[in-house]
Amino acid sequence: MTDVFQALFDIAEIVGTVAFAASGAMLAIDRELDLFGVIFLGVITAVGGGILRDMLLGILPPSAFIHSVYVAVAFVVSLAVFLYAELRGSRYWRQVGAIDRVVNLLDAVGLGIFSVVGVQTAIGAGHAGNAFLCLFMAMTTGVGGGVLRDVLSVTTPAVLKKRIYAVASLAGGGAYYGLIHAGINGMAAMLAGMLLTVAIRVLATRLQWDLPKIRRV
């Protein structure tokens with residue numbers, strides 16, 4: 001991976017960390033957790049998927065414990081969200097609808113970024129020829145932190161019910177993997193994979209796309 005490409009991936013990971021930390025902190029505030037709970041949920045949402053991915057790939061200790069910048073960024077973002085809600089007071093709660101839209105968008109952005117990062121991490125670990133593993137790492141990195149967030153906040157994990165969630169992660173990761181193997185420029189492949197995931201998630205939310213369910217009658 002070239003230095004420029006690596007720098008872009010590092011930036012993308014920071015952006016994804018910010019997005020997921022903010023979504024986790026906002027959910028924690030909605031569940032009326034205290035300051036520690038808000039920060040903890042924000043941090044685990046941001047780095048949880050990456051920790052699970054690294055453990056599965058045998059990358060120990062996971063990068064989140066080596067490159068502390070990610071935990072630091074998640075901590076600062078979560079604290080900032082808490083302080084914003086505290087300063088806004090009742091006005092924050094009157095913005096629940098708008099806040100939910102922001103959380104969904106941040107979640108989509110984080111999902112898109114981390115799905116691609118998951119594939120690239122698997123490729124970098126020497127598994128470029130294993131498409132199944134690369135796609136599984138895309139999904140693990142993309143949804144792992146959100147699953148931990150939801151379990152800790154006593155919520156049914158979004159990946160099990162939210163409109164086209166894990167599927168969006170697989171689509172974006174699959175697009176990136178396919179484009180890389182087709183010889184497409186790495187930066188273009190990265191952007192394509194991220195944007196595809198975000199587009200699917202946003203459209204699924206707006207158009208209420210759902211996978212089939214067995215409904216109680």
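Guide: Let's begin with Thr197, whose side chain comes to 3.2 Å from the backbone oxygen of Ala168. That is a polar contact (N or O atoms within 3.5 Å, one able to donate a hydrogen and the other to accept it; residues adjacent in sequence count only through side-chain atoms on both sides). Keep in mind that this is a predicted model, in which local features need pLDDT of at least 70 and side-chain atom pairs pLDDT 80 or more, while totals for chains, interfaces and linings use all residues. Residues are numbered from 1 along each chain as its sequence is written, and side-chain values use heavy atoms, without hydrogens or water.

Thr197 sits in helix 9, residues 186-207 (a helix is a DSSP run of H or I with at least four residues, numbered from the N terminus). Thr197 counts as buried because its relative accessibility is 0% (buried is under 20%, exposed over 50%, partly exposed in between, with a 1.4 Å probe and protein chains only).

You will find Ser153 in the loop between helix 7 (131-152) and helix 8 (166-181). Its relative accessible area is 8%, so Ser153 is buried. A polar atom of the Ser153 side chain lies 3.0 Å from the backbone oxygen of Arg149. Val154, which follows helix 7, has a positive phi near 55°. Helix 7 itself has a kink of about 40°, centred on Val143 (the angle between axes fitted to the seven residues ending there and the seven starting there).

What happens at its start? There, a side-chain oxygen of Asp34 reaches to within 3.2 Å of the backbone nitrogen of Phe36. Just past helix 2 comes Gly58, with a positive phi of about 80°.

The search of the whole structure finds 1 cavity of 30 Å³ or more, and the largest cavity has a volume of about 120 Å³ (on a 1 Å grid over protein atoms alone, a 1.4 Å probe fits in a cavity but cannot get out; lining residues have an atom within 4 Å of a point). Among the residues lining the largest cavity are Val47, Gly50, Arg53, Tyr70 and Phe114. Helix 1, helix 2 and helix 3 each give two or more residues to that lining. Helix 2 gives the most, with 6 residues.

Helix 2 also takes part in the second largest pocket, where helix 1 (3-30), helix 2 (35-57), helix 3 (63-66) and helix 6 (96-127) each supply at least two lining residues (a pocket is an open set of points with protein on both sides within 12 Å along at least five of seven lines). The second largest pocket is lined by 18 residues, and Gln6, Glu13, Arg53, Ser63 and Thr121 lie nearest its centre. Look back at the largest cavity, and you will find Glu13, Arg53 and Ser63 in its lining too.

Key:
Grid points are joined across faces, edges and corners, and a volume is the space filled by probe spheres set on the points.
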